[in-house]
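Visitor: I have a structure to look at with you. Could we go through a few parts of it?

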Amino acid sequence: MRKAAVYLFLAVCSVTAISTEAQQGTSIGNAARVVRIAGGVEIKAGHAMIRVTAASESVIRVRATQQEMLATDVSWAVIQRPSESTVPKITETSSKVEIAIPAGRVRIMKSPLRLVFLDEKGQVINEDDDRLPMSFAGAAFRVTKKMPEDEIYSGLGDKTSLNLRNHAFTMWNTDAFGWQESTDPLYKSIPFFLALRKGTSYGIFLDNPWRTYFDFGKASIDSYSFGSDGGELNYYFLFGPDPKKVLISFAKLTGKPPLPPLWALGYQQSRYSYFPESKVRELAHTFRAKRIPADVIYLDIDYQDGYRPFTVNREYFPTFETMIQDLRGQGFSTILITDLHIAKAAGYRPYEEGIAGDHFVKNPDGSVFVGKVWPGDSVFPEFTLSRTRTWWGSLYKDFVSMGVRGFWNDMNEPAIFVRRDKTMPLDTVHRLDDGSKVDHRSVHNVFGMQNSRATYEGLLKLEANERPFVLTRAIYAGGQRYAATWTGDNSSTWNHLRMTIPTLLNLGISGVPLAGNDLGGFNGNPSPDLLTRWIALGAFTPIYRNHANKGSANREPWVDGPEHEQWRREFIEQRYRMLPYIYTLAEESSRTGMPIMRPLFLEFPQEEWLYENQDEFLLGPHMLVAPRVWEMAISYEVRLPAGEWYDYWTGQKVTGGQAPPKPAAAAPPAPTDLPVFVRAGAIIPHQRVIQTTQEVPQGPLELRVYPGPNCSGSIYLDDGHTFNYQRGEFMRQSFTCSQAEHSITVQTTGSEGSYKAWFSEVQFTVYGLTSAPRRVNIEGVSAQNFHFDPTRGVVTVVVPQHASSAKLEIQY
Ligand code: MIG
């Protein structure tokens, strides 16, 4: 009886296998021989060989090939070497092999060969689809996994919806001018995603820079798959269960972003293009005259002579060097665009040097590849060669010595005009450091990353103690080590305002926290209302940059009359008030890889009702931002995770959690209405408004204290632009607070590091008091200089800043 059932099952299986084989290739088959190797096993199966090893305490690596042997192990992304101390526990029975690491284990079923991942508790969290586990078709491969109906997926770089489920994606860096919600592929290729289901998370990183494919239930309703046209079946399985833990593991694997210079977190003004020089000077002057804070001015391609990188159009910019210095004197850092395409023109230095040094990408016949881009016929540095990257880096020498602070690497997908595929032909030859040659297919997706790497490393060489700032458009996993990014040519529509949130959240999940989008939308002209809302929302995103296409209407904060100007000034000022918090988040990110802008599920993985919320986000762990993102929404509800919250603007306490819908408000929210809430239990550092980060803030550091569970916060400070912090010149302080029935106590730790902070006083602003304070004690001594605002329930008191710990106690 039992046997019959098994036979029947097998018969059904083989029928399915035949029908899918035709479309999807040959399944890996059954395990034939298991060999133990360092850190794992190698298994010879019917149609391929697979190697499964421990990559770290929380990551399992899977490689497979149809060849006799795996290829040499190389990666553009992975910088973590498996640690010697990670010795997995391997057990084998007749039906399976298990490899256990501290965070979980992988069970390799022998027939058919398929992988099952289990968490620490032994629960299955992910498994290959038994209908077609791993399959091969020529050089292509595909991995198919079961897809539980309640699992969500996020990441994959610049994708436009937070839950990737029901969609399919291609990774192929593309100049996607005019992209919309469903445009794919986009500019970036980060083949990493995070899965989350019932509070349990894992991640998968397919480390393959070829054109790769991810399908989360578009082709099949109960399985998802990923694969590539070529390259190695090579993926990492990152165990959670906490989603933050997965992201930390991914950052260990592929690297963290460097700590950006503080000025790069200020307001940035750009457009395509500011010229001539008089206009740039006027722009800088207007910001200062109108007292609208700003830190950066960008020069787009028109500052160049004939669009040739590393040149200056002297007709437009007669005193370019002086202008850079003068802008500096007004507290502006200048960022110059330097595209990667080099004009094919005799007498043009980068071209001559590049030819002499054999630095350009070649055609299959050995001639130099020529493509049409901004300068006309252009050639392309071989960024896959370290000697070429070094040469490229040296091209920045003059600009750096003029005092230019940052550089913008655009068009590095690479984008090429005229061609229908918008890039290099697939058979273009690329050289690698080991002397081998590969075609464009295998390096296309890393080309832009290596371009920004060349820039970053070059700048480091030119000014060893200055933190470089590079902005790149294309990226591959690991690219966060070299550059910040933006989301390319978005449009001036409500849709694009709304997509700001999921796109930047996905980038953060993909390891790229330093990201922003063109405020107001690159293509088109935003209505005054839309631009104001975008400037408001942007204040809470990591990179805060206003940029617009050529031919579009002016986009500076003051263009729509005094009312909008005032609103925009207020939000830009708000950005500067929060800079101590944002810089502290950027520093955390540089140490751990944690995103600055976070989806709600990252902090509240148990709240399933919020998994797909992409209209709201968290700035760091503590601030929830809920902009109006639908033009048609006359009113909308803010969804707050369970627990207590404070309205950031009024200090009023509100309760979160899934609640029955409330009736709609009568009036549409004004452009100034940007709901922001702070989690009870947060302490957030603020400063007074400055016009540029080159200015020292006046007055005290303000600590806004929102009493609640696990109440804490911290601040990180340093000189904002050198690497001296790596030699101890920083200042770090942590804060906690606790609440008893009628008292609140705030405690600061002693400060760490030798950097002397700009403030000599700290103002505590303590929210949530239900009655007037009876006593305020500082270090146990009663203080008189406090102020109580009875309508908002807020106490403020200023105390001298001490390097040692301090204690404030409020009794009420
Ligand atoms: O072919 O440098 O996305 O931000 O202003 C267009 C001109 C080239 C595309 C970038 C955009 C930039 C523009 N660039």
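Guide: A helix here is a DSSP run of H or I with at least four residues, a strand is a run of E with at least two, and both are numbered from the N terminus. The expected span of a helix is 1.5 Å times one less than its number of residues. The model is predicted: local features need pLDDT of at least 70, side-chain atom pairs count only at pLDDT 80 or more, and totals for chains, interfaces and linings use all residues. Residues are numbered from 1 along each chain as its sequence is written, and side-chain values use heavy atoms, leaving out hydrogens and water.

Visitor: How many residues has helix α8, and how far does it reach?
Guide: Helix α8 (residues 440-462) has 23 residues and reaches 31 Å between its first and last C-alpha, close to the expected 33 Å.

Visitor: Where does α8 bend?
Guide: At Val-446, by about 50°; the bend is the angle between axes fitted to the seven residues ending there and the seven starting there.

Visitor: Why is α8 called largely enclosed?
Guide: Because 18 of its 23 residues are buried, meaning under 20% relative accessible area with a 1.4 Å probe, protein chains only.

Visitor: And α9, where is its kink?
Guide: The kink of about 30° in α9 lies at Thr-500, shortly before Pro-502. In α9, 15 of the 16 residues are buried.

Visitor: New topic: is Asn-126 buried or exposed?
Guide: Asn-126, in strand β10, counts as buried because its relative accessibility is 2%.

Visitor: Which residue's side chain does Asn-126 join in a polar contact?
Guide: That of Lys-145, at 3.0 Å. A polar contact is a pair of N or O atoms within 3.5 Å; within protein, one must be able to donate a hydrogen and the other to accept it, and residues adjacent in sequence count only if both atoms are side-chain atoms.

Conventions
Buried < 20%, exposed > 50% of the residue type's maximum accessible area, 1.4 Å probe, protein only.
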